[in-house]
Amino acid sequence: MSKQSEIETERMVEMFDNLRADKYPLKEFKCIGQKGPRRVDGLAKASGQADYTMDVQLPGMLHMRFLDSPYPHAKILKMDTSKAEKLPGVTYILRYDDPELPESENLGFFTVFQNDKPLDGIAHFEGQPMGAAVAADTEGIAEEALSLIEIEWEERPFNLDPIAASDPNAPLSFPERYMDGNHWNRGVLDEDIHGDVEKGFAEADRVIEFKITRAGHTWIAPERPCGVWKWNGDCAEIWLKNQRGYVAKRYIKTWFGGIPMDKIELHMPYQGATFGGWTHTDWNLGGLYCAAVVSRRTKRPVKYVFTRREDFYGSSMDEGIYFVKVGFKKDGKITAVDGTVYHVNAIHPAYSPLRHLHENTRIPHLKGQTKSIWVNKGPAVAIRCEMLMPVLVQTMVMNRVAAELGMDPIEVALKNDGGQGHDMDWLNEQKKERGFEVRDSLKECIEKGKAEFKWDKSWHEPGTRKLPNGRMHGVGFTWTHEWSDSAGTGEIAIRIERNDGTATVLGIRCDNGVDAENSYCQIVADELGMRLEDVHYNPRFDPGFHTNSPDSASSMSINGWAVRHAARILKQKILESATSPTAPTQRGSYQPAFRNTKPEDLDITDSVIFVKSDPSRQMSLADFVRRMGTQGPLANLEFQGVREAWTEPLFAYGYHVQLGDYNPNHPREKFCRQAHFMEVEVDTETGEIFITRIVNANDVGKVINRMSCEGQQYGGSVMGMSRGKLEEVIHDPATGIMLNGNLIDYKVATIKDVCPIGTILVETGMGYGPYGVVGIGEDIATLVPALLAPAVYNAIGVWIDEFPITPDRVLKALGKI
Amino acid sequence: MPLLRGRVRCRRGVERARFQDAQGARPTRPRGGIRLTINKSKYDLNVEPNWTLYYLIHDVLGLTGSKQFCDRGECGSCTMIVDGKPVLSCMMLAIECDGKTVETVEGIADEGHPLIEAYAKHHAMQCGYCTPGFVVTSKALLDRNPDPTGEEVVEALAGNICRCGTYPQHVIAVKEAAAKLQVEKAAGRGQK
């Protein structure tokens, strides 16, 4: 078998054997895991040179804005746009009843809640972009024109409360789609059952029940959702703010009777964060669709931008009311959990509230159900992650049991750690079978986290430690597994540049700020033997390759493989090129750069190719390719007597198919764990909570980009504390109107809320990605909100089951209001 | 199902008026001539009375470093330094800036201010959209207080929102930039 086909075989094995541990790790890591490489986007972002879709300005470009429904549930009966059309500066008004607008269109991922019509005539929540889109010379003119549109509405009854909406006599929230009631389940992922909960409760020494209420919170992506459409003849040129650009292209290609993929030029400028959020909603691509129609009719580029308020209409996948029943033994072993959640507007497939307890504990009897209830609010989508609900339940179950028994919650955690109802012996067998080193991830995370947090000195009986400043002191602990291990495909290519031998990584992806570009460059550098500064990745244009989405959260376990495959194949190609005759022409060919050697005799380090047995025989990659980089084979140099070499372009691609964690047909055990610690002070007079310390310990399997991982830890902690104690979208029950759709009335954490945050990275290598990696981006912001509850309980000795835990809820719990 | 019929205005009036002003609504009054200095360059401009400073600089002049995160003075991303003070450029009318000196993130980068390198080095950014606002606010702080304490940095940046949660790094980056400026000053190469 030739070396090349061996490499191909290895790649195929890696592609399809991805349920097992990495069998081909690097022996030595030079860039991977190191602290210090500067962000590739650092200078551009700090100096304001990084361009976002919001910054795109094209000659003749029109600005488009959308009508928002003033009612939570209403239908347009009649619309008069004549006054708006006469406003100077208004170029075009697209109406919901335009004959070209289809009744149904491919508008993205989860078009269950909304009609998948680009511009609907019926609103199912207040603020829904619908009815009309105005294109004008400026956003201000478009906005003014919207105010001149006269509409006759049919106002319909509406629901806001999920329990009330699940009553058979409740008005229908979405009669166009759901005639039979407001309860809808996909029936795939919404129920986890193993064992027999009744048996589990019978075996228990004690049984407790509690209810949790979680108000909706939203994404608040800094760059407002937007896009630009420009027709170049029959070719579409698009700038898009979207977390899944290449997937969006897949939908766009079906529009207008079909646009060939090769006629869609997609730009993905820097993205002002999405956190999932808006990307999942169908009016996102609906806006782009309208821009495309108006652009064609006006023959001008059209930029659509949604307002800051419009960006508030969406909720997280934990909004709802939870009913939980737990049975447990006196020693802290949990025997059964039964959980039901009335979840609001899950357009994303809703997960069971007990999904995590199923995946990471030995609890033998579990029964969980998510009832997805439609109400007239924006849709709930994955924001940072769709696992908010399961981690909230896990945190409350473990800590409630510990509190009932007067035990340290860490002890309860270790007594229940396991997987799919089995104990650690079973889980360790799975680790062995899958080729991993057997390590106790939770113990490692806890030991390191406890030491840094000084848990043993900090934890105390609830409501017993008053500080000199008069506040009550409390600490909380929670844990779960590292779950981010997506299923999907990624394609990445690498090209060695002519003339200087630098490497360019190719693949369109959404740069949401997690610095994954550096991570991929680090893998390329180590695998190819190049210096990190010689590798660059610009993901903002479409070279025909794309990374797996979501690009910012959990895809390293897929894209990491793809880039590694590409790098390994390319390295082989370089070494073959360096040892093969070059410039084959009619007159013959030239000697190899390294004569009388075979590829396996060579290696590359620090961007220099050398002979392993005689490192003095070396040539930098730059020198190697520079000799190939003339204006053409032998052109104008032969007569100078210079023997120039010429080889094929040094280019390779890698692709990877990952079965992954989210594929319900291929479940696999989760081995990596995470543990988090929080310290709070509670002012019992005002109810204010001060978070004074957080420690995150995450077993990421293997650290690729250390500063990026730490960034996800402290950044996630900040977002998490914000969600836990501040964030709540409030609707007026009388009118259904959102009351706090701005950054003054909807509170998010500022720098003044920040406390010291400890970031511990554990590396057990037990992830399914290359080098044993598992994603971290979704974890901390998802888990930390729940952590606030046990910390506050430890401070005041009373459970608060309503989130966010605001001062009024603290005072209510204390019986002061 | 009860039917309620009636005409309503599509948008809330106050928000609309403010938004129109902020986004360069149609001219209602004659343009006004202003002279101002932006990043050491002198400009002689005709501006609409309702243009904000942000709209003038970002949309009309094309200096796109300043960002608009909110649209009403809530986030700090559009911060510029006007006559030495950090202002929210979405809340200031361009026509008020006659005779004033404006400094944007582009100008701060052009002068090689150590904040830029410190921000990149310490990952005081993730998505980066709010970052220029932080840099400008920090520059204004260092101009008036060359050696701020951590608390003073926090106080100065309290009006800037970063949704990615990079706050801890800003204190590190600003203090490092301050230290570098101190060294440069001591070496007689201090920047203005």
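Let's start where the two chains meet: 57 residues of chain B are in contact with 66 residues of chain A, contact being C-beta atoms, placed from the backbone, within 7 Å. This is a predicted model, where local features need pLDDT of at least 70, side-chain atom pairs count only at pLDDT 80 or more, and totals for chains, interfaces and linings use all residues. Residues are numbered from 1 along each chain as its sequence is written, and chains are lettered from A and ligands numbered from 1 in the order in which they are written.

On the chain B side, the elements giving two or more residues are strand E1 (4-8), helix H1 (13-22), helix H3 (105-110), helix H4 (114-121), H5 and H7. Helices (H or I, at least four residues) and strands (E, at least two) are DSSP runs, numbered from the N terminus. E1(B) gives the most, with five residues.

Here is how two contact surfaces split by class. Ala, Val, Leu, Ile, Met, Phe, Trp, Tyr, Cys and Pro count as nonpolar, Asp, Glu, Lys and Arg as charged, and the others, Gly among them, as polar.

| domain 2 of chain A, touching domain 3 of chain A | six residues | seven residues | one residue |

As for chain A, it is divided into domain 1 (3-30 + 486-658), domain 2 (53-156 + 241-301) and domain 3 (320-485 + 661-813), with bounds from an automatic or database domain assignment. The centres of domains 2 and 3 of chain A, taken over C-alpha atoms, are 37 Å apart, and 14 residues of domain 2 are in contact with 15 of domain 3.

Back in chain B, there's an open sheet of five strands in the order E3-E2-E6-E4-E5, with mixed pairing; strands pair if DSSP finds at least two bridges between them. Strands E3 (41-47) and E5 (85-88) of chain B sit at the edges, each pairing on one side only. Strand E2 (residues 32-38) and strand E6 (residues 101-103) of chain B pair in the parallel sense over two bridges, and B:Ile38 has B:Val102 as its bridge partner in E6(B).

Finally, H5 (residues 131-144) and H7 (residues 167-186) of chain B pack at about 45°, with axes 11 Å apart. Axes are lines fitted to C-alpha atoms, for helices over the stretch in contact, and angles run from 0 to 180 degrees between N-to-C directions. H5(B) and H7(B) are therefore oblique to each other, since angles under 35 degrees count as roughly parallel, over 145 as roughly antiparallel, 65 to 115 as roughly perpendicular and the rest as oblique.
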